[in-house]
Amino acid sequence: MQRSQINDILAGAEAMIRAHDVALPPFANWSPGTFRDHAGTARHLIDARCGWDVTDYGAGRFDEMGLVLFTLRNGRLADLQAGRGMCYAEKLLIVREGQLSPMHTHALKAEDIINRGGGTLVVELFGSGDAGDFAPDRGVRLLTDGLWRDVAPGGRVNLAPGESVTLMPGDWHAFWAEGGDVLVGEVSTVNDDETDNIFREPLPRFAEIVEDVTPTRLLVSDYAATFGG
């Protein structure tokens, strides 16, 4: 993806979030220079990979397969492993109409996916095999707004605004929006996008970026090169 494309996508994402009357924390609006000025006190944001993320999953077809995310807060894997401390994370996702987030699962993360407004969020589901692998013949039993529901292999859960689904590690899922773009909330255990995304087809989690212009916002994938660590 070109950086100019990412800048435009982020401008649209910020406008869409404001249109849903959601206020982001101050660091969401930091320029790269401001972020560098706050690097000392913002070390947790950097280490926890809080902030903006735009991906096309390496396919180069963002309008067809891609996602915009903003991680508001994220705990530490060490806390999760210890069973105490900051064991949670929260994100916002923007899913465009007809835009696929491809089939994947997580080894560690449990997550609530919540339609916060817009069109319908469609979640397609499969279960796991005994080794945690994708199982096309297995469905899942999961919670939708706190109620148990059995979903056949390849079944779909349609989430209207305000509705949610709870996904556990090993629940294979893909999702897209119908009837308009959707603002999605995600509440989960600690999030590790660098190692805990297992795709059915081999795909990179982060986009490869061509630096044709200066970034207006840093992405979480920029942090290592910008700040180290």
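Select Tyr 57 in the loop between strand 1 and strand 2; helices (H or I, at least four residues) and strands (E, at least two) are DSSP runs, numbered from the N terminus. Its phi is near 55°, a positive value in a residue other than glycine. Tyr 57 is buried, at 4% relative accessible area (buried: under 20%; exposed: over 50%; partly exposed: in between; 1.4 Å probe, protein chains only). This is a predicted model, where local features need pLDDT of at least 70 and side-chain atom pairs count only at pLDDT 80 or more, while totals for chains, interfaces and linings use all residues. Residues are numbered from 1 along each chain as its sequence is written, and side-chain values use heavy atoms, with hydrogens and water left out.

Next, go to Arg 49, in the loop between helix 3 and strand 1. Arg 49 also has a positive phi for a residue other than glycine, near 60°.

**The largest pocket**

Stay there for the largest pocket, which holds about 300 Å³ of space. Of its 20 lining residues, the closest to the centre are Asp 47, Ala 48, Arg 49, Asp 192 and Glu 194. Strand 1 (51–55) and strand 2 (67–74) are the elements that give two or more residues to this lining. The lining divides into 6 nonpolar, 6 polar and 8 charged residues. Here Ala, Val, Leu, Ile, Met, Phe, Trp, Tyr, Cys and Pro count as nonpolar, Asp, Glu, Lys and Arg as charged, and the others, Gly among them, as polar.

The search runs on a 1 Å grid over the protein atoms alone: a cavity is a set of points where a 1.4 Å probe fits but cannot get out, a pocket is an open set with protein on both sides within 12 Å along at least five of seven lines, and lining residues have an atom within 4 Å of a point. Points are joined across faces, edges and corners, and a volume is the space filled by probe spheres set on them.

**The cavities**

There are 2 cavities of 30 Å³ or more. For the largest, of about 150 Å³, select Leu 67, His 104, His 106, Phe 175 and Asn 197, the nearest to its centre among 19 lining residues. Strand 2, strand 3 (88–95), strand 4 (101–105), strand 5 (111–128) and strand 11 (172–189) each give two or more residues to this lining. Its residues divide into 8 nonpolar, 5 polar and 6 charged.

The second largest cavity has a volume of about 40 Å³. Its lining includes Phe 27, Trp 30, Phe 35, Trp 52 and Tyr 223, and divides into 8 nonpolar, 1 polar and 1 charged.

**The cores**

Now select Phe 35, Trp 52, Val 54 and Val 68, which have the most contacts inside the largest nonpolar core, of 32 residues. Such a core is a set of buried Ala, Val, Leu, Ile, Met, Phe, Trp, Tyr and Cys residues joined through side-chain atoms within 4.5 Å. Helix 1 (3–19) is among the elements that give two or more residues to this core, and gives the most, 6. Phe 35 touches Trp 30, Ala 42, Ile 46, Leu 218, Tyr 223 and Phe 227, not counting residues up to four places away in sequence (contact: heavy atoms within 4.5 Å). Another core lies apart, with 22 residues, among them Met 65, Ile 113, Val 165 and Val 184.

**The cysteines**

Finish on Cys 50, buried at 1% relative accessibility. How many disulfides does the whole structure hold? The search finds 0 (a disulfide: a pair of cysteine sulfur atoms within 2.5 Å). The sulfur of Cys 87 is 15 Å from the closest cysteine sulfur, in Cys 50, too far for a bond.
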